[in-house]
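Let's look at a structure together and ask where some of its labels come from. Have a look first, then we'll go through them.

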Amino acid sequence: MVRSLQPLIKGYDAEIIVVDNASPNRSGEVLKAHAKDGYHFIGAPENRGYAAGNNIGLRYAKERGATYAWVLNNDVTFPDRNLLPALLEVLQKQTDVAAVSPDVYSGEGYLYNRELVRPTWMDLTFGLLQYRKKGRNAGKKDWCYAYRVQGCCFLADIEKLEQCGYLDENTFLYYEEAILAERLRRKKYRCACVTKTKVIHRHSTTVLQNIGKSGYRRAYKKSYAYYLKEYRRFPLWQQLLCKAFFAVKVYFI
């Protein structure tokens, strides 16, 4: 990942920060030993989840005087060498945008949903299939506003993230992007999607290996319930209906 990232940031006043979120194997030791290869290494003392791990890196970048932070998963690859300038262009020109993602494809060529539209409770229940279609259609624009960014790859204005308290650390896994979108929304900021560039996200199997499918489903449901209650604040009956539909969807994952 570091080697593939270095050519993309060449010519920019940029540094690479690698956060090891208390990996259960020896990867943290290996990363620390190779930090001299061109990155700052931070080892988290415990794994408190995706949001907490990313916040370690974001706060460190802020301390280093960074204006922007590029959040990346280690299983992302970059087919477009002009990815960073395409993201920066939107973030610098659109003062209401706090975070921006490219299009994200699977290794098999599947375009993940852009999530362009903020869902209503109806979108999350009886209108779920129609909502998925609405969330994909960006027209023929090079970029457009989006409800949320893609957590595997997004560029953010650190000052704006700091204003909303960074990522909410009350979830361990999943729904961090939608929760961040709601936090930014409260500060009158928006997210965006740049459709003229892309990354490939080859989903790692590490999570399933560590927590198993049942643990994965529990974490997913817990984060979703937290999002509904604390950020969407739907009436209780609507929350229950949303969770019922969600439980069926997660069962088939």
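Q: Which residues do ring pairs link into a cluster?
A: This is a predicted model, and in it ring pairs join Tyr174, Tyr175, Tyr220, Tyr224, Tyr227 and Phe246 into a cluster. A search of the whole structure turns up 14 aromatic pairs.

Q: What makes Trp121 and Trp237 an edge-to-face pair?
A: Their centres are 5.1 Å apart, and rings pair when that distance is within 6.5 Å. The planes are at 70 degrees, and over 60 counts as edge-to-face. This pair links distant parts of the chain: Trp121 is in the loop between β5 and α5, Trp237 is in helix α9, and they are 116 residues apart.

Q: Why is the pair of Tyr174 and Tyr220 called tilted?
A: The planes of Tyr174 and Tyr220 are at 35 degrees, so the pair is tilted; stacked would need under 30, and edge-to-face over 60. The ring centres are 4.7 Å apart. Since Tyr174 belongs to the loop between α6 and α7 and Tyr220 to helix α8, the pair ties together parts 46 residues apart in sequence.

Q: Is Tyr174 buried or exposed, and how do you know?
A: Its relative accessibility is 18%, and buried means under 20%, so Tyr174 counts as buried. Tyr220 is buried too.

Q: Why is Arg233 called exposed, and why is Arg232 called buried?
A: Arg233 has 59% relative accessibility, so it counts as exposed, the cut-off being over 50%. Arg232 has 11%, so it counts as buried. Arg232 lies in helix α8, while Arg233 is in the loop between α8 and α9.

Q: What makes the link between the side chains of Arg232 and Tyr227 a polar contact?
A: The distance is 3.1 Å, and the limit is 3.5 Å between N or O atoms. The Arg232 side chain also reaches the backbone oxygen of Pro119, at 2.7 Å.

Q: How do you know that the charge of Arg190 sits over the ring of Tyr145?
A: The charged end of Arg190 is 3.5 Å from the ring centre of Tyr145, and the distance limit is 6 Å. Lys198 lies over the face of Tyr105, at 5.0 Å from the ring centre.

Notes: Residues numbered from 1 in each chain as written. Predicted model: local features only at pLDDT ≥ 70, side-chain atom pairs only at ≥ 80, totals over all residues. Heavy atoms only, no water. Helix = DSSP H or I, 4+ residues; strand = E, 2+ residues; numbered from the N terminus. Buried < 20%, exposed > 50% of the residue type's maximum accessible area, 1.4 Å probe, protein only. Polar contact = N/O pair within 3.5 Å; in protein donor to acceptor, adjacent residues only side chain to side chain. Phe/Tyr/Trp six-rings, centres within 6.5 Å; stacked < 30°, edge-to-face > 60°. Lys NZ or Arg CZ within 6 Å of the ring centre and 35° of its normal.
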